Amino acid sequence: MTGNGWLQIAILFLLVLAVTKPLGLFMARVFNREKTFLDRILRPLERLIYRLTGVDEGREMRWTEYAVSMLLFSVVSMVVLYVIQRVQGYLPWNPQKLAGVPPALAFNTAASFSTNTNWQAYVPETTMSYFTQMAGLAYHNFFSAAAGIALAIAFIRGIARRQAETLGNFWVDMTRASLWVLLPFCLVGSLVLVSQGVVQNFRAYDTVQLVEPQQVPHLNADGTAAVGPDGKPVMDTIAQQTIAQGPVASQEIIKEFGTNGGGFFNANSAHPFENPTPFTNLIEIFCIFAISAGLVYTLGHMTGSLAHGWAVWAAMAFLFLAGVTVTYWSEARGNPLLAGVNQQASATHPGGNMEGKEVRFGVANSALFATATTDTSCGAVNAMHDSFTPLGGLVPLVNIMLGEVIFGGVGSGMYGMLVFVVLSVFIAGLMVGRTPEYLGKKIESYDVKMAMLSLLIFPLIILTLAAISVVSSSFGTSSIANAGPHGLSEILYAFTSAAGNNGSAFAGINANTNWYNIALGFNTLIGRFLVVIPVLAIAGNLARKKYVAPSLGTFPVTTPLFSALLVSVILIVGALTFFPVLSLGPILEHLLMHAGTTF
Amino acid sequence: MKKNLLISILMTVVTTVLFGLIYPLVVTGLAQLIFPDKANGQLVHRNGAVVGSRIIGQPFNGPKYFHSRPSAAGNGYDAGASSGSNLGPTSSKLVQRVKDSVAQLQAENPGRPIPVDLVTTSGSGLDPHISPDSAEFQVPRVARERGLSEAAVRAAVTRHTEGLQFGVLGAPRVNVLELNLDLDSLGTKQAELNQN
């Protein structure tokens, strides 16, 4: 670990702190439908959308209608994405003449992108046309994020409103999220990325002449090296390099800003065309956190308790800093199994565990990115998590298992955290023996049941599907790339990532099989929608309740004590659920690595 | 329900046109207008032919060239199929591969510690950079093979070394493709001088 590494982490943290209030306030104005400086341009566009789609912007919805509208929109847009992929061979902007995507993979991708997951079982540069990337994938980057923001706002209204039947209008909230929050920032941000070297074009892939042509062993059909009649290996000459291109920047910016994470290229943000410089890297990590951090302020503002917003923010910040510290420490220590290699960091050498990492980022920025992308539901990567040290890879996995509530996905992090808040005040209420209250609302058995339902669905699907995969050698363990405990980590990470709508991977696993495409596809759908419905039910129920003035017996939700309780609840729930399986995966691998065992 | 279903369909169509087509086309237009070189991948030309992108790595294995990091993309530096090795830390394949590279490098430059980035694959398989230490490690070999002084080669390395961005961000690095192209052109100049 170096002083400069910590300085870079501190810069990112301070930027997130700085954007929280202005962005949170801006979003509160947008969703309260107050005036903003963008109204002159965006209001006419908004009205046009409502006119074309028949939305009555004055209409309010109960939680059930809000949920149904969200589900309908998700299903319809998911079907459209499925169709686009299947027929991309007949659509424009396909200079590489890529054929339609096979059904199981197209289903997996459609489910994954419409749920803000962006799990990718395919290699984009050889699978998806420019049209599919723009109108299909990047489109869902916008609208799965906008829907997430809408849901978070609905939940906040549920807390803030008193004796009300409705939570707002889903169509209006989603439209305003996309037009006011996402679009202007992405227009500017994508051009900043281009100025650093992120590509934005419709070129066919370029073929360039290598400066030094290479000899590589010729492989037989079965993957073994070919041997000639003279007993010498047969060599192929590679004289050219094909360079994949595309409209990357316009997708790159929303990929992070909407915590989507689906790469334009297979290597995601490790690819120099997606993330060419340390500055783009900083922008991308900042974008991952920005909206989620802002929404915490929006919560405080709209519920009239800014101190509560900051108390939640502090709990998130603590968990973020703890995670990045462990990851950075573990990656900087390097891999003890690599003998004779200098892994000591210096001013002229990144040091640490550099397998799967880029020199321009080094260990600090790779650890920071990995923590940020899993604190939230982003899932973009600038280094390969599969090649992290066992403890360095444990942190991203645990971050997702905790429910991605450390700032969290845009919207989903907010409502995920509020479920933990409900649970925390309930536990605090039990401890003092009073009916728990939360910001003037009594928390009763219905709310706690729904909160528990939303919390328990998540480990249930992860552990069940991972267990099925682990015991099947024909369709489960056959996809593993690394033997030993690391193989278990690969399967566990895949199902955790899909259920958490994250989308990052221990990418060695071959997930493009019928079992994984379909199982992980359903996993993403359940992880999004079955978690959202109980959340909206709580919101609808809270909105109906009367306001109860705080009394001496009320557990205050604005103090450091509350932040500490919240952190403990998150860690205890997470640990109780997942510790056994983690001990067989990354923890065991850590012990074996230091004992010198390889697989 | 019916009304909301109709809205879902219309909303998908209208927003796809706006966010899926108009938005990326506007960004492409502006990018091509303001940053044409960057937007098209910073392609590098030599003698009229395109020989690479400034920010995409290439394989170099010959003794006269500075070597890039090992790559897991296709057959190595396949920029149509970016990929990391995804080998875990306890993978015997990884340990063996690094061991082989270490043996080779130690034979080439005995007694010097081997910088970790020179024996590990990058996340993209297209890393255009090596660390300054990895460049310094290779200076004696390249100088010997090209008949140049170590000082001349070191000066070329310095020309293609990028420090921390804005003085704080990232890690210092050397662009391998640009460095090797520079050395080739130095060689050409040297040959011209000799002929004269």
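Biologist: Hi! How many helices and strands does the secondary structure of chain A come to?

Modeller: In this predicted model, chain A has 17 helices and five strands. Its radius of gyration is 24 Å, close to the 25 Å that the globule rule gives for 599 residues, so chain A is as compact as a globular protein of that length.

Biologist: Nice. What box do its C-alpha atoms fill, and what share of the residues count as buried?

Modeller: Along the principal axes, the box for chain A is roughly 90 × 60 × 50 Å. Of its 599 residues, 61% count as buried.

Biologist: Switching topic: how many residues of chain A are in contact with chain B?

Modeller: On the chain A side there are 111 residues, in contact with 95 residues of chain B. Strand 1 of chain A (residues 206–217) gives the most to that side, with eight residues.

Biologist: And what is that side made of, by class?

Modeller: The side of chain A that touches chain B has 58 nonpolar, 43 polar and ten charged residues.

Biologist: Which strands are joined between the two chains?

Modeller: Strand 3 of chain A (residues 341–342) is joined by two bridges to strand 3 of chain B (residues 114–115), and the two run parallel. There, Val341(A) stands opposite Ile114(B).

Biologist: OK, now chain B. In what order do the three strands of its open sheet come?

Modeller: The order is 4-6-5, with antiparallel pairing. Strand 4 (129–130) and strand 5 (161–162) of chain B are at the edges with a single partner strand each, so one side of each has no neighbour in the sheet.

Biologist: What is the bridge partner of Ile130(B)?

Modeller: That's Val174(B), in strand 6 of chain B.

Key: Residues numbered from 1 in each chain as written. Chains lettered and ligands numbered in written order. Predicted model: local features only at pLDDT ≥ 70, side-chain atom pairs only at ≥ 80, totals over all residues. Contact = placed C-beta atoms within 7 Å. Helix = DSSP H or I, 4+ residues; strand = E, 2+ residues; numbered from the N terminus. Nonpolar A, V, L, I, M, F, W, Y, C, P; charged D, E, K, R; others polar. Pairing = 2+ DSSP bridges. Rg over C-alpha atoms; globule rule 2.2 N^0.38 Å. Buried ≥ 20, exposed ≤ 12 C-beta atoms within 10 Å, placed from the backbone.
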